[in-house]
Amino acid sequence: MDLKTFVRDIPDFPSQGVLFKDITPLLKTPEALRTATERLLQMVNGEVDIVVGMESRGFFFAPILASTLNAGFVPVRKSGKLPGKVVGETYALEYGQDTLEILEDSISTGDRVLIHDDVLATGGTALATCALVERLGGKVVQCNFLIELEFLKGRGQLNGFDVKSLMRY
């Protein structure tokens, strides 16, 4: 199955000049959703204790991957969205900066962590997430993405990490 046929382009979203990759058609088509999940699982190398998903579209597949891998799921969210004590990481955006947070007790020293998000673009979000996991003592075993926008060179930001993507544009 060609999963790219279930990804539609939305021009000028969220801002002028951006071509947004919308995965809604993939998510609403049971066979495509099942196939994407199976292929994401096939990309995983080694044992995983925790799957970390980034807000918000990383939340679609990360819990499914975690459940199938018999691992826990941990969300990474934008600043101010998690209850309790958090650890934050600020990262650069094209137009400024943002901060991601994780609950400080969500990763234990030595946990093997799979990081998942829907799209690898510039790599800032994924790199900040890797830093959060490592700061809590976890070991990032892989960064796993549904889509990679190769022209934005985000993989280069993740030098030293095992990076896998299902679809590349």
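## Exercises on a predicted model

Asn-70 counts as exposed, because its relative accessibility is 73% and the cut-off for exposed is over 50%. The model used in these exercises is predicted.

### Exercise 1: Two residues with positive phi

Find where Asn-70 and Lys-153 sit, and state the phi of each.

Solution. 

Step 1. Check exposure. Lys-153 counts as exposed because its relative accessibility is 62%.

### Exercise 2: Cis peptide bonds

Which residues does the cis peptide bond with omega about 5 degrees join, and which peptide bond has omega near -10 degrees?

Solution. 

Step 1. Take the value of about 5 degrees. This cis bond joins Phe-13 and Pro-14.

Step 2. Locate Pro-14. Its loop runs between β1 (8-11) and β2 (19-22).

Step 3. Take the value near -10 degrees. It belongs to the cis bond from Glu-55 to Ser-56.

Step 4. Locate Ser-56. It is in the loop between β3 (50-54) and α3.

### Exercise 3: Asp-118

Decide whether Asp-118 is buried or exposed, and find the partner of its side chain.

Solution. 

Step 1. Asp-118 belongs to strand β7 (residues 112-120).

Step 2. Apply the cut-off. Buried means under 20% relative accessible area. Asp-118 has 5% relative accessibility, so it counts as buried.

Step 3. Find the partner. The side chain of Asp-118 makes a polar contact of 2.4 Å with the side chain of Arg-57.

Step 4. List the contacts, leaving aside neighbours within four places in sequence. Asp-118 is in contact with Ile-23, Arg-57, Gly-58, Phe-145, Leu-146 and Ile-147.

### Exercise 4: The pair α2 and α3

At what angle do the axes of α2 and α3 cross, and which residues make the contact?

Solution. 

Step 1. Recall the description. Two packed helices are described by the angle and the distance between their axes.

Step 2. Read both values. The axes of α2 and α3 come within 10 Å and cross at roughly 60 degrees.

Step 3. Name the arrangement. At that angle, α2 is therefore oblique to α3.

Step 4. State the hand. The crossing of α2 and α3 is right-handed.

Step 5. List the contact residues. From α2 come Leu-33, Ala-36, Thr-37, Leu-40 and Leu-41. From α3 come Phe-61, Ile-64, Leu-65 and Thr-68.

Step 6. Look at another residue of α2. Thr-35 lies in this helix. It counts as buried because its relative accessibility is 13%. Leaving aside neighbours within four places in sequence, Thr-35 is in contact with Met-1 and Leu-3.

### Exercise 5: The nonpolar cores

How many residues are in the largest nonpolar core, and which elements give two or more residues to it?

Solution. 

Step 1. Start from the general rule. In soluble globular proteins, nonpolar side chains tend to be buried together.

Step 2. Count. The largest nonpolar core has 25 residues. Those touching the most other members are Leu-26, Val-48, Val-51, Leu-146, Ile-147 and Met-167.

Step 3. Name the elements. Two or more residues come from each of α2 (30-42), α3 (58-68), β7 and β8 (139-148).

Step 4. Separate the other core. Apart from the largest one lies a core of 24 residues, including Leu-100, Leu-132, Val-133 and Leu-136.

### Exercise 6: Ile-50 and Val-113

Compare the surroundings of Ile-50 and Val-113.

Solution. 

Step 1. Ile-50 is in strand β3, and Val-113 is in strand β7.

Step 2. Check burial. Ile-50 counts as buried at 11% relative accessibility. Val-113 is buried too, with a relative accessible area of 0%.

Step 3. Check contacts, leaving aside neighbours within four places in sequence. Ile-50 touches several residues, among them Val-74, Ile-107 and Val-113. Val-113 touches Ile-50, and its contacts also include Val-52, Val-133 and Val-141.

Step 4. Read the C-alpha distances. Val-113 and Val-86 are 27 residues apart in sequence, with 18 Å between them.

Conventions:
Residues numbered from 1 in each chain as written. Predicted model: local features only at pLDDT ≥ 70, side-chain atom pairs only at ≥ 80, totals over all residues. Heavy atoms only, no water. Helix = DSSP H or I, 4+ residues; strand = E, 2+ residues; numbered from the N terminus. Buried < 20%, exposed > 50% of the residue type's maximum accessible area, 1.4 Å probe, protein only. Polar contact = N/O pair within 3.5 Å; in protein donor to acceptor, adjacent residues only side chain to side chain. Contact = heavy atoms within 4.5 Å. Core = buried A, V, L, I, M, F, W, Y, C linked by side-chain atoms within 4.5 Å. Axes fitted to C-alpha atoms, helices over the stretch in contact; angles between N-to-C directions. Parallel < 35°, antiparallel > 145°, perpendicular 65-115°, else oblique. Left-handed = near helix turned anticlockwise from the far one by under 90°.
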